[in-house]
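Here's a quick walk through a protein model, for anyone who likes to see the geometry behind the picture. Have a look at the structure first, and then we'll go through it piece by piece.

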Amino acid sequence: MTYYKVVLSGENIFFENYSDTPEPVIGFISCKFINADSEELAVATAKRDLLVHWNQSFNLDRKLGMPKLAVEHIVEVRGWFKPKSIHDYYWFTDSHHKQLQLEKFTQPPRKWFWRNEKKAHHPEINAVQLEEQHNNTVNTDGDNSINDK
C-alpha cells in the first residue's frame, strides 16, 4: 500500500464569517494523507473521511450544508516519514484566496536536510591567496629563524 497526499476543496457551504471584514466564506481546502492501493481508492477514502468529519464537527446541526467536493491535487508520497491524517480546514472567501491556499499544498516538498546551494558555495581561493594564508600562519609566533637563512 502507498501513501497519497490528496488535496480536496469543498464549496457551496453556508458559513457566516464573524471576523473584522465580514466576507462570506464560500469554501475550504483540506489536505489528507491516505494509505491506499490506488489513487482512486485514496480519493474515495479521503472524501469519505472528510464528509464524516464535516458532519460530526462543523455540520452537526445541519445548517452549513453538504459541501461539493473536488480533487485539487493528488500525489504519491514517498519517503522515510509516515504522514498522519489530520482534520485541518483552510477557509477561503473568493477564487483568488482559494488559489493562495492551494499553493501551500501543491508545491513540491522542500529538501530541508540538504544544504542550500547559496550556503554551500565558497569562493575559490587562488594560489597567491593560499600562499599568503600559509605565510601568515607560519610567522605568527615571531620566530623568524626559518626565514633568516
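A charge sits over a ring if NZ of Lys or CZ of Arg is within 6 Å of the ring centre and within 35 degrees of the ring normal. Here, K32 puts its charged end over the ring of Y89, 6.0 Å from the centre.

Some ground rules before going on. This is a predicted model, where local features need pLDDT of at least 70 and side-chain atom pairs count only at pLDDT 80 or more, while totals for chains, interfaces and linings use all residues. Residues are numbered from 1 along each chain as its sequence is written, and side-chain values use heavy atoms, with hydrogens and water left out.

**Confidence and layout**

The mean pLDDT (the predictor's confidence in each residue, from 0 to 100) is 78 for the protein, and 67% of the residues score at least 70. Helix α1 (residues 39-56) has the highest confidence, at 95, whereas helix α5 (residues 145-148) has the lowest, at a mean of 50.

The protein has 5 helices and 4 strands, in the order β-β-α-β-β-α-α-α-α along the sequence. Helices (H or I, at least four residues) and strands (E, at least two) are DSSP runs, numbered from the N terminus. Of the 149 residues, 25% are buried; that means under 20% relative accessible area, with exposed being over 50% and partly exposed in between (1.4 Å probe, protein chains only). Taking contacts (heavy atoms within 4.5 Å) with a separation of 6 or more, 72% are between residues 24 or more positions apart.

The expected span below is 1.5 Å times one less than the number of residues in the helix.

| Helix | Residues in helix | Span, first to last C-alpha | Expected span |
|---|---|---|---|
| α1 | 18 residues | 26 Å | 26 Å |
| α2 | 12 residues | 16 Å | 16 Å |

In α2, K98, Q101, L102 and F105 are buried. They cover an arc of only 100° around the axis (taken from the directions from the helix axis to the C-beta atoms), so they sit on the same side of α2. On the other side of α2, H96 and K104 are exposed. The buried residues of α2 pack against β1 (2-15), β2 (25-36), β3 (68-77) and β4 (90-92).

How does a lysine fit into that list? K98 counts as buried because its relative accessibility is 12%. Apart from neighbours within four places in sequence, K98 is in contact with S9, E11, I29, E72 and F92.

Helix α1 has its own buried set, namely A42, V43, T45, A46, L50, W54 and N55. These pack against β1, β2, β3 and β4.

**Aromatic pairs**

How many aromatic pairs does a search of the whole structure find? There are 9, where rings of Phe, Tyr and Trp (its six-membered ring) pair if their centres lie within 6.5 Å, and planes under 30 degrees apart count as stacked, over 60 as edge-to-face and the rest as tilted. F28 and W91 have ring centres 5.9 Å apart and planes at 75°, so this pair is edge-to-face. Since F28 lies in strand β2 and W91 in strand β4, the pair ties together parts 63 residues apart in sequence. F28 is buried at 0% relative accessible area, while W91 is partly exposed at 23%.

**A loop proline**

P22 is in the loop between β1 and β2, and is exposed at 62% relative accessible area. P22 and T93 are 71 residues apart in sequence, yet 9.8 Å apart in space, C-alpha to C-alpha.
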